[in-house]
Amino acid sequence: MAPNYATAYQWYGEMLYTRGRFEEAEPVVKRAAELDPLSPIMQSEIGVVMYYAGKTDAAIAHFAKQKSEYPDFAQNYLFSSWAYEQKNMPNDMFNDEIEFWRLNNVGERILNEMRLAYQGGGRASFLRYLAEMLETGSGDKYFREYRLVHVFGRLRDRQNTLKWIEKGVQKRSAAVTKIFIDPNFKFLKDEPRYLAALEKMNLR
């Protein structure tokens with residue numbers, strides 16, 4: 001690996017943490033950030049490793065700093081919202097997640113519908129709205145399968161989570177590999193279809 005090439009460290013670190021090798025990944029992504037200190041993605045990846053490693057408080061603190069330094073970088077808000085959710089802080093979760101979608105240019109009408117869903121039924125209502133929005137083709141088209149996998153996982157909707165995991169595996173969606181490390185999928189740890197998906201992705 002080129003010793004001064006930040007992107008190489010970034011992707012090597014992602015390979016490590018996707019396989020659950022967090023202690024190895026953390027110094028690698030930190031080295032990427034050192035090599036490219038002005039890159040928001042390099043700085044953000046440090047918090048991503050913290051989130052997946054279960055260091056939720058550290059991840060929240062890291063993303064708070066990153067949101068201040070890079071207020072227009074969407075990934076910081078997404079992972080910050082997920083970390084808040086793990087801490088059972090729904091209002092903070094919602095505020096950061098809606099900012100993520102605003103930065104992804106979903107439009108004011110959809111943002112208002114998200115706010116109404118949350119105001120009317122809290123976290124579960126908001127997540128169901130997200131699922132409906134994504135299933136109809138709105139929102140993030142590049143990571144659609146994983147966004148749906150993740151939303152249904154957060155809802156603990158077993159059948160829809162498994163359906164979209166299998167669709168993601170079939171389409172070779174790289175993002176779907178994160179089901180191996182994301183805490184939202186622990187409820188599937190004994191599910192044969194989940195385990196089969198991990199095997200197809202060489203994660204088991």
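Colleague: Is Asn88 buried or exposed?

Modeller: Asn88 is exposed, at a relative accessible area of 65%. Keep in mind that this is a predicted model.

Colleague: Where does Asn88 lie?

Modeller: In the loop between α5 (74–86) and α6 (90–103). Asn88 is not a glycine, yet its phi is positive, about 60°.

Colleague: What about Ser173, buried or exposed?

Modeller: Ser173 is buried, with a relative accessible area of 15%. The cut-off for buried is under 20%. Ser173 is also in the loop between α9 and α10.

Colleague: How far apart are Ser173 and Asn105?

Modeller: In sequence, 68 residues. In space, 22 Å from C-alpha to C-alpha.

Colleague: New topic. Which helices does α8 pack against?

Modeller: The buried residues of α8 pack against α3, α5, α6, α7 and α9.

Colleague: How many residues of α8 are buried?

Modeller: Eleven of the eleven, so α8 is largely enclosed by the rest of the structure. Charged residues are on that list, including Arg144, Glu145, Arg147 and Arg154. Among the others are Tyr146, Leu148, Val149 and Phe152.

Colleague: What follows α8?

Modeller: Arg156 does, with a positive phi near 60°.

Colleague: Take the pair α7 and α8. At what angle do they pack?

Modeller: About 155°, with the axes 9 Å apart. Helix α7 covers residues 108–135 and helix α8 covers residues 144–154. Over 145 degrees counts as roughly antiparallel, and α7 and α8 are therefore roughly antiparallel to each other. Their crossing is left-handed.

Colleague: Which residues make that contact?

Modeller: From α7, they are Arg123, Leu127, Leu130, Ala131, Leu134 and Glu135. From α8, they are Arg144, Arg147, Leu148, Val151, Phe152 and Arg154. By class, the contact of α7 with α8 has seven nonpolar, no polar and five charged residues.

Colleague: Now α3 and α4. How far apart are their axes?

Modeller: 8 Å, and the packing angle is about 160°. So α3 and α4 are roughly antiparallel to each other. The crossing of α3 and α4 is left-handed.

Colleague: Which residues meet there?

Modeller: α3 brings Gln43, Ser44, Ile46, Gly47, Val48, Met50 and Tyr51. α4 brings Thr56, Ala58, Ala59, His62, Phe63 and Gln66. In the contact of α3 with α4, seven residues are nonpolar, six are polar and none is charged.

Colleague: And α4 with α5, how do the axes cross?

Modeller: At roughly 150°, coming within 9 Å. α4 and α5 are therefore roughly antiparallel to each other. Their crossing is left-handed.

Colleague: Which residues of α4 and α5 meet?

Modeller: Thr56, Ile60, Phe63, Gln66 and Lys67 in α4. The classes in the contact of α4 with α5 are six nonpolar, five polar and one charged.

Colleague: What lies in the loop between α4 and α5?

Modeller: Phe73 is in that loop, with α4 spanning 56–69. Its relative accessibility is 21%, so Phe73 counts as partly exposed.

Colleague: What is Phe73 in contact with?

Modeller: Pro40, Ile41, Ser44 and Leu103, leaving aside neighbours within four places in sequence. Phe73 and Glu85 are twelve residues apart in sequence, and 20 Å apart in space, C-alpha to C-alpha.

Colleague: Last one, α1. How many residues does it have?

Modeller: 13, covering residues 6–18. From first C-alpha to last, α1 reaches 18 Å, close to the 18 Å expected at 1.5 Å a residue.

Colleague: What do its buried residues pack against?

Modeller: Those of α1 pack against α2 (22–35) and α3 (40–52). Among the buried residues of α1 are Tyr9, Gly13, Leu16 and Tyr17.

Colleague: What comes just after α1?

Modeller: Gly20, which takes a positive phi of about 80°.

Terms used
Residues are numbered from 1 along each chain as its sequence is written. This is a predicted model: local features need pLDDT of at least 70, side-chain atom pairs count only at pLDDT 80 or more; totals for chains, interfaces and linings use all residues. Side-chain values use heavy atoms; hydrogens and water are left out. Axes are lines fitted to C-alpha atoms, for helices over the stretch in contact, and angles run from 0 to 180 degrees between N-to-C directions. Helices (H or I, at least four residues) and strands (E, at least two) are DSSP runs, numbered from the N terminus. Angles under 35 degrees count as roughly parallel, over 145 as roughly antiparallel, 65 to 115 as roughly perpendicular and the rest as oblique. A crossing is left-handed if the near helix is turned anticlockwise from the far one by less than a right angle, and right-handed if clockwise. Contact means heavy atoms within 4.5 Å. The expected span of a helix is 1.5 Å times one less than its number of residues. Buried means under 20% relative accessible area, exposed over 50%, partly exposed in between (1.4 Å probe, protein chains only).
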